[in-house]
Amino acid sequence: MLPTRSEAEKLLAEAEKCNPGPWGNHSRVAAHCAERIALGCGDMDPEKAYILGLLHDIGRKFGVRHLGHVSDGYSYMMSLGYDEVARICLTHSFNNMRIDEYIGRADTSEEEYELIVAELGKISLDEYDRLIQICDALSGSEGVVSVEDRMNDVKRRYGSFPQEKWDSVMALKTYFEEKTGKDIYALVEKESYAVS
Ligand SMILES: [Fe+2]
């Protein structure tokens, strides 16, 4: 189940009040990218894509956490019955579906860690999981960014970036470019889109 577009916008606005930060606009950029790419694909629902993009980081409502934002988002969305969003809260951080590829601190309790491992184990990635993964990589807090620039920025902040993850993000970009027949940056209006 999914919230409506306006419910999703309200959930994000409320969450931002609890933990203000650039993640709110990052989420809005991701929603825009997801809607545009889904539209270009022809076989995906742009409205669903927008809602999933908007709420993929909703776990940040509960404070500044690294891996914890994944389990916070999953549990929060499940508590509202939004299982399709809960899934995205999990899968957006794991291109290869392994918890050890998470970049950042494993700042979860044992229960939270086990929840992530158990739920990830039940999922095989679908088109929407892949879509939000690439949109996360395309989205800065002020607008669309180059995926290489964004990954280099993460590399600078955390000191390293796993090659396997780098390669999988580049493969996702190619995948959606081939699927839509378009340059990804043109598709998401990189140069002209401004978050509002
Ligand atoms: Fe994100």
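**Burial, cysteines and helix packing**

Visitor: What makes Glu177 count as buried?

Guide: In this predicted model, Glu177 has a relative accessibility of 18%, and since buried means under 20% relative accessible area, Glu177 counts as buried. Glu177 is found in helix H9, and, with neighbours within four places in sequence set aside, Glu177 is in contact with Lys182, Asp183 and Ile184.

Visitor: How do you know how many disulfides there are?

Guide: A disulfide is a pair of cysteine sulfur atoms within 2.5 Å, and by this rule the count comes to zero. Cys33 is in no disulfide, as the nearest cysteine sulfur, that of Cys135, is 5.2 Å away. For Cys89, the closest cysteine sulfur is also in Cys135, but it is 15 Å away, which is too far for a bond.

Visitor: Why are Cys33 and Cys89 called buried?

Guide: The limit for buried is under 20% relative accessible area; Cys33 has 0% and is therefore buried, and Cys89, with 1%, is buried as well.

Visitor: Which residues have the most contacts inside the largest nonpolar core?

Guide: That core has 62 residues, and those with the most contacts inside it are Ile37, Leu55, Met77, Leu131, Ile134, Leu138 and Phe176. Its largest share, nine residues, comes from helix H2, residues 23-41. Leaving out residues up to four places away in sequence, Leu138 touches Cys33 and Ile37, and its other contacts include Val144, Ile184 and Tyr185.

Visitor: What does Val195 touch, and where does Val195 lie?

Guide: Val195 lies in the segment after helix H10, residues 184-187, and touches Asn25, Arg28, Val29, Ser141 and Glu142, not counting residues up to four places away in sequence. Val195 and Gly143 are 52 residues apart in sequence, yet 5.9 Å apart in space, C-alpha to C-alpha.

Technical notes: Residues numbered from 1 in each chain as written. Predicted model: local features only at pLDDT ≥ 70, side-chain atom pairs only at ≥ 80, totals over all residues. Heavy atoms only, no water. Helix = DSSP H or I, 4+ residues; strand = E, 2+ residues; numbered from the N terminus. Contact = heavy atoms within 4.5 Å. Buried < 20%, exposed > 50% of the residue type's maximum accessible area, 1.4 Å probe, protein only. Core = buried A, V, L, I, M, F, W, Y, C linked by side-chain atoms within 4.5 Å.
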